[in-house]
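Please keep the sequence and the model at hand while reading.

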Amino acid sequence: MNQSNETGDGRLDFTEERRLIKAAQGGCAVSAHRLISAHQDRLHAFVWRMLRNEHDTDEVCQEAFLRAFGALAGFDFNYRFSTWLFTIGYRLCLNQMRRRSDHGGSIDFAAISATRRETDAPTDASEAVANSDQARQLKDAIWGAVDDLAPPQRATVLLFYREQMSCQEIGEVLKMPAATVKSHLHRARAKLRENLSGSVAEQWADVRFNTEAG
Amino acid sequence: MALTCRNVQHLHDAYLDSDLSASMIAEVDAHLLQCPECQRQIDMVRVCGNVISRDQSEPRAADDFAARVLSALPRQRAAAPAPVVLLTRRQSRRVVLERVAAGFIPAMAAMIGLSLLVFPAATDHSTSPDRQVGRVLGESATRTAVSPTLALGVQDIVSPTLSSIDNASRAVGDLQDFAGLTLRDAREQLAASANPPAAPAEDAFSGAFLMQMLHPLLGVVSPVPTEPAPAQTDDVVRF
């Protein structure tokens, strides 16, 4: 993979993304593979945070890519591929949530805990600091508070912080005006503050030190 | 005037998103230095943002995820109940033209045959109605010895009839010419579309007229499954 056409976090730059989309529109499987590889982990993380179910996440991600590539011929080059993909992914997440609530399904918290323990294994010295027991408790508390947010607020927070999208881009994904996105972000932050201001409030100073050091 | 805690709470989001002016940021910073509670509130949201953006503890997609998606693309199409090859507008027009031409030729042949049967002398355009009437009346006069006045009266009645018959025969002749021209142009269009380097026969009036006549039909049967999909290769994906 040509790293020079990717940003530091593995994301494709605009020119390279455009080139790959055009090649994929012509049926180039290599370009299609690169497009998928560049977006699969980001979409997977977003969908997993929305659904919290490994099986559903895999299914939704695959369906999102299939739909995106099925309609690739009509792709509007004024938008980023990720915006389009996350738009499809978000709609599929909402459908899945609706279906799950209709069928009385539940989130697999056991799998979540097991996965978190496995993926949180420290890989180097700086990670070891961030993954101390105290930091892990706080991260769990934060993600727990994120899970308690309503779907639009959760999606807004994830796209804003993780995907670093602007309110305008988030509005395109969630199909709502940018002002509404700002409102969701404001309410989400207020809810996070409210949910996290209890027992863990005294530990914020240490966490601030750790995250700033990382 | 120094900001109060309530003022700062209203400015939380703008402060975190750097949407404040430099002077306002300085005002908020001054308040945060002397207010631990507001500082903690701001830190709480900031740390939340840091964790959400940096903590990638989610399970990652499977290593073969991209390959699975790619392999599912052709399978998805194969699983469709009726595989439809989406042709371009030009291809679909050609297909429809072929089908219509196949039915059009026998129909026109039947029409021409019927017209020849009904109007056996219609092809003789050089014969004017007056000459025919004169010949008929002349023969009648010699056979039955009718008076010229009566013959002229009969001519007044018969002449418009024969004239209209002659007009009809001319119309049939024109229709034959038109049909021949149209079919020839249609064949040329088919040959031109089958052979891309050939110049398109867009200037043929009759061809354009036929296309205009067939336009509603083209709209109805636009996606036609005629050409078989090309064989799938490993490095090409059909979307």
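At what angle do the axes of helix 10 of chain A and helix 4 of chain B cross, and within what distance do they come? The model is a predicted one. In it, the axes of helix 10 (residues 178-196) of chain A and helix 4 (residues 36-54) of chain B cross at roughly 110° and come within 10 Å. Helix 10 of chain A is therefore roughly perpendicular to helix 4 of chain B, since angles of 65 to 115 degrees count as such. Angle and distance between the axes are the terms in which two packed helices are described.

On the chain A side, the residues that meet helix 4 of chain B are A:Arg189, A:Leu192, A:Arg193 and A:Leu196. Their counterparts in helix 4 of chain B are B:Gln41, B:Met44, B:Val45 and B:Cys48. By class, the residues of this contact are five nonpolar, one polar and two charged.

Helix 9 of chain A spans residues 167-174. Its buried residues are A:Cys167, A:Ile170, A:Gly171, A:Val173 and A:Leu174. Seen down the axis of helix 9 of chain A, these buried residues fall within an arc of 160°, so they line one face of the helix. In general, an α-helix has 3.6 residues a turn, so residues three or four places apart point the same way. The buried residues of helix 9 of chain A pack against helix 4 (81-102), helix 8 (151-162) and helix 10 of chain A. After helix 9 of chain A comes A:Lys175, with a positive phi near 55°.

Is A:Leu51 buried or exposed? A:Leu51 counts as buried because its relative accessibility is 0%, and buried means under 20%. A:Leu51 belongs to helix 2 (residues 29-51) of chain A. Between A:Leu51 and A:Arg100 there are 9.7 Å in space, C-alpha to C-alpha, while the two are 49 residues apart in sequence.

Chain B as a whole has nine helices and zero strands, and along the sequence the pattern reads α-α-α-α-α-α-α-α-α. Further values for chain B are set out below.

| Property of chain B | Value |
|---|---|
| Buried share of the 239 residues | 31% |
| Share of contacts joining residues at least 24 apart, among contacts between residues at least 6 apart in sequence | 72% |
| Accessible surface | about 15000 Å² |
| Share of accessible surface belonging to carbon and sulfur atoms | 61% |

Terms used
Residues are numbered from 1 along each chain as its sequence is written. Chains are lettered from A and ligands numbered from 1 in the order in which they are written. This is a predicted model: local features need pLDDT of at least 70, side-chain atom pairs count only at pLDDT 80 or more; totals for chains, interfaces and linings use all residues. Side-chain values use heavy atoms; hydrogens and water are left out. Helices (H or I, at least four residues) and strands (E, at least two) are DSSP runs, numbered from the N terminus. Buried means under 20% relative accessible area, exposed over 50%, partly exposed in between (1.4 Å probe, protein chains only). Contact means heavy atoms within 4.5 Å. Accessible areas come from the Shrake-Rupley method with a 1.4 Å probe; for residues, only the protein chains shown count as cover. Axes are lines fitted to C-alpha atoms, for helices over the stretch in contact, and angles run from 0 to 180 degrees between N-to-C directions. Angles under 35 degrees count as roughly parallel, over 145 as roughly antiparallel, 65 to 115 as roughly perpendicular and the rest as oblique. Ala, Val, Leu, Ile, Met, Phe, Trp, Tyr, Cys and Pro count as nonpolar, Asp, Glu, Lys and Arg as charged, and the others, Gly among them, as polar. The arc is that of the directions from the helix axis to the C-beta atoms.
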